[in-house]
Structures are given as structure tokens and as C-alpha cells.
Amino acid sequence: MNDKLHIIQHLYGEADASSDPERLLEDEALRAEYETLSGVKFHLDQRSKQRPDAVVLDNVFAAAATASGQPTLRARQDRKPQARNAVRRYGLFGTVSAVVALLIVAGIGLYQVQQEGLMQEPVASSISEGAEVMTDQATPLAEQEESKATDADRPSPIASVESEPSPERRADALASAPLGRTMAEPQPPAPMEESVAASGLAFANQETDAVLADDVEAEDSVPAWDASDEVLRVHRQLEMVETRSPEFAWGDSTVMSLDVLPTNPRGRDTVTPVSTRRGNH
Amino acid sequence: MHQTDEELVAAYLEQHDQSAFRILVERHQERIFGFLLGMVRDRDLANDLFQETFVRVIDAMHKRRGSYTQQGRWLGWVMRIARNAALDHLRSRKKWQDVSANADDEGTSYWERLPDDAPAADEILHRDAQQDWLAECIDQLPPEQREVVLLRQDTELTFREIAELTDVSINTALGRMRYALLNLRRMIDESKKKQLAEIQAA
């Protein structure tokens, strides 16, 4: 390497230790060239540094992130935030709506259950109260009847019912039995206390309150108007008519015309055809 | 704490540290872009070449293409890619003028072979920016001398690295630098003479 090239190395600070800068500067020509080149280098060092555009740098960083498999900041900025918030808001709205609907259904069901409980509670309480009252009333009557039977040295009421009753007792029993149970000889039903007292003979040994409650409920099912004497009178008349005209008994499927019926223009109890009514009037 | 280029490269490749790569680019962006801008003398084109250079660099660092051993100097490796990108562009535009290295070795400067219709120094002096004038002076240098000036002044590569990069001996790189400085000296002297002549004429 010649000395001129060593000057370049000295000028840029790359001269090795073996080179002697003082020896180079002793040469007049080399010294003049060194000063000339250092002046040019001074101008070159005054040049400003140039940088690439920011967009180019962003593209380079994005490419580096993509190559390493990492999401880029640029991609996050381009994402629309509305879509994510809308989905989250829609999901929250759906969840709240489902919870509200479930609460409404549960409330309605609980309300219905409570209403049914309130409606059943008075009936059950009345039944139990009635059963208790009837038990209290029936028990002394049964005791009284038992005491009477014991005093008269007679068989128990149940045995007397099952055995062949005497004519007097049979009449008393028929008179005291309810209407539905004695259709052969209809009798007006006794008042409730009397019927209970009479039936208490048959049910004296039934000590359970449930049976007594059912029996009282059956007695209560008889309408009040059915105990009137007028109804019994009408019932006897119907039976009498039924015995006199067996061909018109209930259940006959044959439909008879009015012409077949017996007619008597003089009597009032017979059926009068419509065609002859005008003539009579 | 200052991290070397190799440490930053390792952090980016092994730990996927994006900030490490960012530091690398920001640390050397002026050197790389200054070289590219001096080579093509067009800012938009220099931006495109800068981006193209780093696309190649990223691919090579992930061993998709080329090879980066992490044993050499990272900037010198990147500058080789940038130089190839610039030369590819210049060759495609047929602006690259091949000047033999023997001419420089023989002492024939490019300044002596400049055409007579070159821009006059007075026109350059009338420009507002002194740096633009100096940049144009560098642009008038032979490509080999201009390349060495840019690599040494802007990229701050050593002459040994420049020799390795340009695939020449270190003496050739030093000789090209010496002739480049002498040619620039003559340009400056001519501009001063023109300026003095104008003052005297006025």
C-alpha cells in the first residue's frame, strides 16, 4: 500500500498502528494532499442525514411482525370497534331478557299456586270442622243409644238392623230413613239432627271421624226443598198414576201418538186433542 | 443499556421481540436510506428500495431465503442487500455506467472524462441549498467512486467492509475514495473560480 492510500486511512481514522503519521506529514506533497482531502471531507461531513418516510417504516414493521407471527399494531388500528361492542351489547340484552322472562314465568306460577292454596284451604277447614262437630254430636247419641240398649237388655243396633226387624221398628225405621233409601215407601226426611240420631244407631260402631264426615256430607247433599210435604204428595200421586197406567211406564221406547191416548170429552183428567179443543170452546 | 445489533437480532428471531427489530431499523435507517438516496437520487424511489430491502432482510432473517448466520455485522449484511436492490434498479433503467477499475488504478479520474456540457459551477452556486449542490457533485462522480463515498460517509462502513461488500481489495476501495475526494475538490475549486469571476465581472 502506498503512502497516498495511508493518508486516506489516517483521514478516516482507520490507520493501523504500524503506519507512522509523522513520517507521512514530513513529505511536502503528501502533506498538501492530506490538507486538500481533509477539506473535502469536511464538506461531506456537513451533509444532513436523510430518513425514509414514516409510512415506509410502518410497512417494514408490519412485515416484520407478520413474519414472526405476531399481530401488528396497524391491524389493531384498522379494526372496527363497533362490531365488538355491538355483539357484546346484543349478548347482554339477550341474557337480561331471558332472565326477566324466567322471573315472570316463575312469578305467575307461584301466584297460581298460592291462589289454589287459598281456595282449597277454606273447604278443607270447613270439612274438618264439620267432621269434628258431627263427631262431637254423634258420639253422645251413640252412647245414649248404647246405654238404652244395655238398660233394656236388647241386642246392638247393628244386629237389630241385620236381623229381621219387628213391624213397629220397621215402621219407625222407614219413617226415619231418608227418601232416597226408601223408595218403596216414601217418607219425608227427618230433620238433620233426627236423621243423624237415627243413623247413629247404624253407625254407632264406626268410630272413625272420616266415615262420619262422609256421611254428614251425604246428608248435606239432599236439597232443602226435597223435605217438604208438597213434594211427597206429588211423589205419591206420581206413583199412583204409575200403578194405574203401567203401559206408560218410564223407559218405554215406543212413542205413542195423541190419537192413541184415551179421550173423554166429559172428563177433565184425560188428554184432549188439539183439533177438538176449539170445538169445545 | 445499549444492545448490540446481534443481540437485537437474536431477541427478534428467538423471542419474537418486535421492539428489538424496531430499534434495529431506527438505529440504521439513516445509513441505509442515505446510501439508497445517494445512489438513485430520487426520494420516492429510495423509499421503495428501502422497503424492498427490508422485505428481503426479513425473509432472509427467517431463513426463508438467503442465509444470515448472525456471526457477521448485521449492518454490512443489510447493506449488501440494499446495494443489490439499488444496482438491480439501476441496471433495469440502464443508468448504471460500468467504469473499469483499471482506469482508477491508472490515475485517470472521472472528472477528466466529464463531458463539456456538464452543469456549470455558477448554476450550482445559485442554488439555495449547499447540500443539494454537494449531492449533485457526488452524483457526477463515477459509480464506483460514488458508491464508496456513500458507503463510507453515509453508511459509515469501514474500508475493509466496503471492500468485502463490493468484492474488491481494500487498496482498490481506498484508491476509489482518494480519487472521489480529489474530484470533489476540483469541483469545489471550479465553483469558487466561477463565483469569483462573476463577482469581478459585476
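A salt bridge here is a side-chain nitrogen of Lys or Arg within 4 Å of a carboxyl oxygen of Asp or Glu. With that rule, the side chains of B:Arg73 and B:Glu161 meet in a salt bridge, 2.6 Å from N to O. I will come back to that pair after some housekeeping.

This is a predicted model, in which local features need pLDDT of at least 70 and side-chain atom pairs count only at pLDDT 80 or more, while totals for chains, interfaces and linings use all residues. Residues are numbered from 1 along each chain as its sequence is written, chains are lettered from A and ligands numbered from 1 in the order in which they are written, and side-chain values use heavy atoms, with hydrogens and water left out.

Start with chain B. Chain B has 10 helices and zero strands; helices (H or I, at least four residues) and strands (E, at least two) are DSSP runs, numbered from the N terminus. Of the 202 residues in chain B, 50% are buried. Buried means under 20% relative accessible area, exposed means over 50%, and partly exposed is in between, with a 1.4 Å probe and protein chains only. Chain B exposes about 10100 Å², and carbon and sulfur atoms supply 43% of that area. Accessible areas come from the Shrake-Rupley method with a 1.4 Å probe, and for residues only the protein chains shown count as cover.

A contact means heavy atoms within 4.5 Å. Among the contacts in chain B with a separation of 6 or more, 66% are between residues 24 or more positions apart.

Now back to the opening pair. B:Arg73 has 39% relative accessibility and counts as partly exposed. B:Glu161 is one of the buried residues of H9(B).

That helix deserves a minute. Helix H9 of chain B covers residues 159-166, and six of its eight residues are buried, so it is largely enclosed by the rest of the structure. Besides B:Glu161, the buried residues are B:Phe159, B:Ile162, B:Ala163, B:Leu165 and B:Thr166. What covers them? The cover includes helix H1 (3-11) of chain A, together with helix H4 (74-92), H8 and H10 of chain B. After H9(B) comes B:Asp167, with a positive phi near 60 degrees.

A second bridge within chain B joins B:Arg56 and B:Asp88, with the closest N and O atoms 3.8 Å apart. B:Arg56 lies in helix H3 and B:Asp88 in helix H4 of chain B, so the pair ties together parts that are 32 residues apart in sequence. Both ends count as partly exposed, B:Arg56 at 23% relative accessibility and B:Asp88 at 39%.

For a contrast, look at chain A. A:Glu230 forms a salt bridge with A:Arg233, the closest N and O atoms being 2.2 Å apart. These two lie in helix H11 (residues 229-244) of chain A, three residues apart, about one turn of the helix. Over all chains, the search finds 17 salt bridges.

Next, the interface. The size of an interface is often given as the accessible area lost when the parts come together. Chain B and chain A bury about 3800 Å² between them, 62% of it on carbon and sulfur atoms; this buried area is the accessible area (1.4 Å probe) lost on being put together, summed over both. Chain B gives 43 residues to the contact and chain A gives 36 residues.

How many salt bridges cross between chain B and chain A? The rule finds six. One of them is B:Glu30 with A:Arg51, at 2.7 Å from N to O. On the side of chain B that touches chain A, H10(B) has the largest share, 11 residues. That side divides into 21 nonpolar, 12 polar and 10 charged residues. In this scheme Ala, Val, Leu, Ile, Met, Phe, Trp, Tyr, Cys and Pro count as nonpolar, Asp, Glu, Lys and Arg as charged, and the others, Gly among them, as polar.

B:Arg178 lies in helix H10 of chain B and counts as buried, at 10% relative accessibility. Leaving out residues up to four places away in sequence, B:Arg178 touches A:Lys4, A:Ile8, A:Glu33 and A:Leu37.

Notes: Buried area = accessible area lost by both parts, 1.4 Å probe.
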